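Please open the model in your viewer, with the sequence alongside, and follow the stops below in order.

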Amino acid sequence: MKNIHGGDIYKYENVTDFSANINPMGIPESVREAVVNSLEMCENYPQMFCDDLREKIGRRYGVDSSFIICGNGASDVLYRYVFAIKPKNAVVAAPCFAEYEAALECVGAKVEYYQINHNTFEIEDDFMEMFEYKPDMIFLCNPNNPTGILINDRLLERIIKECDRNGVRIFLDECFLDFTGKEDELSYVKSILRYRGLFVLKAFTKMYAIPGIRLGYGITYDKELIGKMYDAGQPWNVSVLAQNAGIAALDEDKFAADTVSLISKEREFICTNFQRMNIKYWESDANYIFFMHKKGLKEELLNRGILIRDCSNYKNLTDGYYRIAIKSHKDNVKLIDALADIDIN
């Protein structure tokens, strides 16, 4: 099985889960209430095309609802995208979210990897050389997962323009952009009318702490593609519970702003302590931190009741790379105290 991710708490008992990048503030009360109140509606099929939810997402971003497709989590949207297009050649950054490669393998696409520099873990100007492979499709994640590093905006604009000139589709994953506090400034949803081959992926899962409910969406000007994506999977792919959770979540602007403030404060706390303990890490803009430590750290922390993400199975990474979510201050103190008791060598 290649589908190895964080958040698999079912294998372990009584662990504090740092392996999944979920909002430490938990589910907003309004979202929780919307889910509970939706139970009586579950005797009916959900809206097949999530009309009410898409309408509200469209108002949020100032785009027509016909440019939006919702899915059973962001991964559902990703797989439908790949199944609808069936690309022959694709470019993926490495390391990056493993489901891009997994989806592409399902349709027999050839994948070329942009090997991210291990010093900075930034996507750099040499990414433009990947166009020499004449890809049909490019996948980028901003901020990147697992590093949390944003792509330089001028470089990202160059890449998107080059895709537009060459008829290359670009799938831009912004699922963690709302944690940066820079979504209004950096999101490319505003650019879908200019770049017809651009598809922007977003999710409710992380910010609103509903991974168990599953809700993601994509935005593109290409309505024909959206039609093909609906045809590429089962109908009624978004439950009544998920649709109503999303509708409620879109009113939680203060919750999202408070989350960004908390993440920024706790990220600084963890990084300051990493510096004190001489743990090498990379500056993140997201709600997780990518770092290096000795081999076997995951197992040692498990013995202390803490689960982290071992990143050795990411393409272009080896043993010794890890990712932790930023959690509540109490949980972050528990992690720092545990790391202080472990020899880094």
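Contact here means heavy atoms within 4.5 Å, axes are lines fitted to C-alpha atoms (for helices over the stretch in contact), with angles running from 0 to 180 degrees between N-to-C directions, and helices (H or I, at least four residues) and strands (E, at least two) are DSSP runs numbered from the N terminus. This is a predicted model, in which local features need pLDDT of at least 70 and side-chain atom pairs count only at pLDDT 80 or more, while totals for chains, interfaces and linings use all residues. Residues are numbered from 1 along each chain as its sequence is written, and side-chain values use heavy atoms, with hydrogens and water left out.

Select helix 9 (residues 253–276), which lies across strand 9, strand 10 (288–292) and strand 13 and runs at about 10 degrees to strand 10. Now show the open sheet itself, whose four strands follow the order 9-10-13-12 with antiparallel pairing; two strands count as paired if DSSP finds at least two bridges between them. Strand 9 (281–282) and strand 12 (309–310) are at the edges with a single partner strand each, so one side of each has no neighbour in the sheet. Strand 12 is joined to strand 13 (residues 321–325) by two bridges, and across this antiparallel pair you will find Arg309 opposite Arg323.

Next select helix 3 (residues 74–85) and helix 4 (residues 99–106), whose axes come within 9 Å and cross at roughly 35 degrees. Which residues of helix 3 meet helix 4? Ser75, Leu78, Tyr79, Val82 and Phe83 do so, and their counterparts in helix 4 include Glu99, Tyr100 and Leu104.

**Two cis peptide bonds.** Zoom in on the bond between Ala94 and Pro95, which is cis with omega about 5 degrees; Pro95 sits in the loop between strand 3 (89–94) and helix 4. Then move to Asn142 and Pro143, joined by a cis peptide bond with omega near 0 degrees, where Pro143 belongs to the loop between strand 5 (137–141) and helix 5 (153–166).

**Two positive phi values.** Arg214 is partly exposed at 27% relative accessibility, where buried means under 20% relative accessible area, exposed over 50% and partly exposed in between (1.4 Å probe, protein chains only). Finish at Trp236, also not a glycine, with a positive phi of about 50 degrees, found in the loop between helix 7 (223–231) and helix 8 (240–249) and partly exposed at 37%.
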